[in-house]
Amino acid sequence: MTEKEKMLQQQLYDANYDQKLIEERSVAKDLCFQYNQLLPSDVDAQQQLMKKLLGKTRDSFCIMAPFWCDYGYNIEVGENFFANHNTVILDGGKVTFGDNVFIAPNCGFHTAGHPIDFERRNQGLEYAYPITVGDNVWIGAGVQVMPGVTIGSDVVIGGGSVVVKDIPDHSVAVGNPCRVIRPITEEDRQTCWNRSPLNK
């Protein structure tokens, strides 16, 4: 198998010294660089460049610069996808986002990992496990999602969380390591989020 085939099949592969993968990352980084230099008001150019970079998009999506990824072709975003500034997606493995996913600033989605033993790590070997995010998900600021994680649908991940295990549907999860603290309920749909000095 090629190193790319090993990467896509969740096996240890040579990420650092394989020329084909180095070239593919260079193409993606150049596209990210071009994207990050565009005027914020140039929405048409942003959409065109992102459709060239990403593996699959829908009609409505917005990714705020700066944005960085490794390959681009392993990223799929659903309808009404929004990612705020400083999103990083290390997409050696597949990263799939459902519909209506909102990502706050400074979040990372990291499919890449390395062996614990330094001998293989120093050889440039790593693995890439896929990340999946369902529909109607809000991911708070500074969240880091680790390799192999699935986040269900109708989920809120609290800011600053480090997600190392799967998160089930219809839940609020927070912390390091991230854990479910409660389900999303009908009461949440009735909550008034207005805030004034009187109710601080």
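1. The lining of the largest pocket is made up of eight nonpolar, three polar and four charged residues. Here Ala, Val, Leu, Ile, Met, Phe, Trp, Tyr, Cys and Pro count as nonpolar, Asp, Glu, Lys and Arg as charged, and the others, Gly among them, as polar. A pocket is an open set of points on a 1 Å grid over the protein atoms alone, where a 1.4 Å probe fits, with protein on both sides within 12 Å along at least five of seven lines; lining residues have an atom within 4 Å of a point.

2. Please keep in mind that this is a predicted model, in which local features need pLDDT of at least 70 and side-chain atom pairs count only at pLDDT 80 or more, while totals for chains, interfaces and linings use all residues. Residues are numbered from 1 along each chain as its sequence is written, and side-chain values use heavy atoms, with hydrogens and water left out.

3. Back to the largest pocket: its volume is about 330 Å³, taken as the space filled by probe spheres set on grid points joined across faces, edges and corners. Of its 15 lining residues, Trp138, Val156, Val172, Ile184 and Trp193 lie nearest the centre. Strand S16 (155-157) gives the largest share, three residues. Helices (H or I, at least four residues) and strands (E, at least two) are DSSP runs numbered from the N terminus.

4. The second largest pocket holds about 160 Å³. Its lining has nine nonpolar, three polar and no charged residues, including Tyr35, Leu39, Cys62 and His85. Helix H2 (19-37), helix H3 (43-53) and strand S2 (61-63) each contribute at least two residues.

5. The largest nonpolar core has 37 residues, and Phe97, Phe109, Ile151 and Ile157 have the most contacts inside it. Such a core joins buried (under 20% relative accessible area, 1.4 Å probe, protein chains only) Ala, Val, Leu, Ile, Met, Phe, Trp, Tyr and Cys residues through side-chain atoms within 4.5 Å. H2 gives the most to this core, four residues.

6. Which strands stand at the edges of the open sheet? Four strands run in the order S4-S7-S12-S15, with parallel pairing (at least two DSSP bridges between two strands). S4 (75-76) and S15 (150-151) are the edge strands, each with a single partner, so one side of each has no neighbour in the sheet. Three bridges join S7 (residues 95-97) to S12 (residues 131-133), and Thr96 has Thr132 as its bridge partner in S12.

Terms used: Buried means under 20% relative accessible area, exposed over 50%, partly exposed in between (1.4 Å probe, protein chains only).
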